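Dear colleague,

Please find the structure below, followed by an account of what was found in it.

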Amino acid sequence: MYSKVLSGMTLGIDGMLIDVEADISPGLPVLSLVGYLASSVKEAGERVRTAMKNSNFVLPASRITVNLSPADIKKDGAVYDLAIASAILVSMRIIPEEKLDNVLILGELGLSGEIKPVEGVLPIVHYASKNNIKAVVLPRGNLCEASLVEGIRIIAAEDLGGLVDYLREEKTDGVIITEGGGWSDSCDCIDYVNYGYDMSSVKGQDSMKRGVMLAVSGFHNILMNGAAGSGKSMIAKCIPGIMPPLSFDESIELTKIYSISGLTKDQNGLIRTRPFRSPHHTVTATALMGGGFIPKPGEVSLSHRGVLFLDELPEYKKNVIECLRQPMEDKKVTISRLHAVYDFPAEFMLVAASNPCPCGHYPDRRLCHCSEREIRSFRNRISFPIMDRIDIRLEVRPVPYQALNDGSPTLSSSEMRNMILAARERQLHRYRNETIKYNSELQQSLLSKYIHINDAGERLLKNEFESANLSARGYFRIKKLARTVADLDDREDITEEDVYEAMFYRNTAMEERMDNIC
């Protein structure tokens, strides 16, 4: 007997439906799986056979052929186990065929018949809902994640035997049925940025704090360059605490990425905090950008809508740093394979920290003994195209003794967050009819519509362009940063003071010093 059920897979951060067909026909007893399968799917035959036996279902002594269609897409992972077993059980007439009509089936089978959680459930269920699939059968461990999707019934089962009993309407022990469209307070939602740092703990460094506020307000990239131990890493770890909260749509998008990466398996639910990713400087280009035979998101995508912190930026391999050029501009990563092209979002805020030299003490020659050649080589690891994409370049000075022991209050994270939220609201209102959300995302075609600088400010910007030999990208980025300065100061008009502050934080002199060291 022939049968067909629906399963699914991820393609980038989107889902795709897979037809799982089963046919039982006379012949030598064998279970054959076809359909351009990776080894992990081919092994499903033995998992399914043993899980069915231990659930008191005996495979017939016949030829069983299972096909996963379409055959031109590579299938990987254990997500198809439950669908394969269900298709065989329908062919054996144990499960009524109409019970699985227009129903998506996902799940890995243990040898005991247990149904185990799988990766990528949210994008697959979301895609199924858009394609009018009425219900989804999946593991109990993926219930919270799948429940975020509206318009689809969720059937969560613990084991194969209990699922079959439910489908045969014999009993419902071990099966939970719910309607999607929200999340329960009992779901364990992930908090990736609980670092416990507060801006009030950072002594001195007022200009650095102001620069960080500008960066977060407009989602601008930022580089902090300065002596070792001056607070660069600490202030970077405070950034998640001053960022605006995620919207529900942003949370869904972010949860999709983490679901594909398998980072929601143990703690299911909606990700409600902006990510803060800090890969070590030994990270490879593939780990940073994403990839693999079946591509998975890299650190730039796991930082989507949040912070990618690269501490000691010059210590990263040069080819790894250069990989950031395209996602910093296009806000996505495209990975091409023979049979498919995968797009992963990568709208992150780059926060980088760097020492001025290998030992970290330059220009204090009492402590720094690096040669001119060593310093030049160290700084040249960051190319001009990368520097040109960084809007804010802060020169961080060592904190004086008086500032460390000054008991006067400084801005706390909550105070800075309130100021940033006000600037954020300005941007949301301004771009309500556009697809962008932050000043840094302004396209060149929209600059004249949303950025109006007074005559004195334009003259100042013209002088900077000519004297500092700015690139066209640098010129437009200063204008966007000036727009953020005005927003943070709760003003719509952009004055020459805003342009001057933007030029100060853009710090074009840093590029010149990189070519004229010592």
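The second largest pocket holds about 420 Å³ of space. A pocket here is an open set of points on a 1 Å grid over the protein atoms alone, where a 1.4 Å probe fits, with protein on both sides within 12 Å along at least five of seven lines; lining residues have an atom within 4 Å of a point. Its volume is the space filled by probe spheres set on the points, which are joined across faces, edges and corners. Of the 24 residues that line the second largest pocket, Thr-10, Asp-76, Gly-77, Glu-119 and Lys-296 are the closest to its centre. Strand 1 (2-11) and strand 17 (341-345) each supply at least two lining residues, and strand 1 has the largest share, with four. By class, this lining has 13 nonpolar, five polar and six charged residues; Ala, Val, Leu, Ile, Met, Phe, Trp, Tyr, Cys and Pro count as nonpolar, Asp, Glu, Lys and Arg as charged, and the others, Gly among them, as polar.

The model is predicted: local features need pLDDT of at least 70 and side-chain atom pairs count only at pLDDT 80 or more, while totals for chains, interfaces and linings use all residues. Residues are numbered from 1 along each chain as its sequence is written, and side-chain values use heavy atoms, with hydrogens and water left out. Helices (H or I, at least four residues) and strands (E, at least two) are DSSP runs, numbered from the N terminus.

The largest pocket has a volume of about 500 Å³. Among its 22 lining residues, those closest to the centre are Glu-329, Ser-440, Glu-441, Leu-442 and Lys-480. Helix 20 gives the most to this lining, with four residues. The lining of the largest pocket divides into six nonpolar, six polar and ten charged residues.

Glu-329 also belongs to a network of salt bridges that links it with Asp-388, Arg-389, Asp-391, Arg-473, Arg-477 and Arg-506. A salt bridge is a side-chain nitrogen of Lys or Arg within 4 Å of a carboxyl oxygen of Asp or Glu. The whole structure has 37 of these salt bridges.

Which residues does Arg-305 pair with? One partner is Glu-250, with the closest N and O atoms 3.9 Å apart. Arg-305 lies in the loop between helix 11 (299-302) and strand 15 (307-310) and Glu-250 in helix 9 (residues 248-260), so this pair ties together parts that are 55 residues apart in sequence. Another partner is Glu-253, at 3.3 Å between the closest N and O atoms.

Two strands pair if DSSP finds at least two bridges between them; four bridges join strand 11 (residues 222-226) to strand 18 (residues 349-354). Asn-225 stands opposite Ser-354 in strand 18.

Yours sincerely
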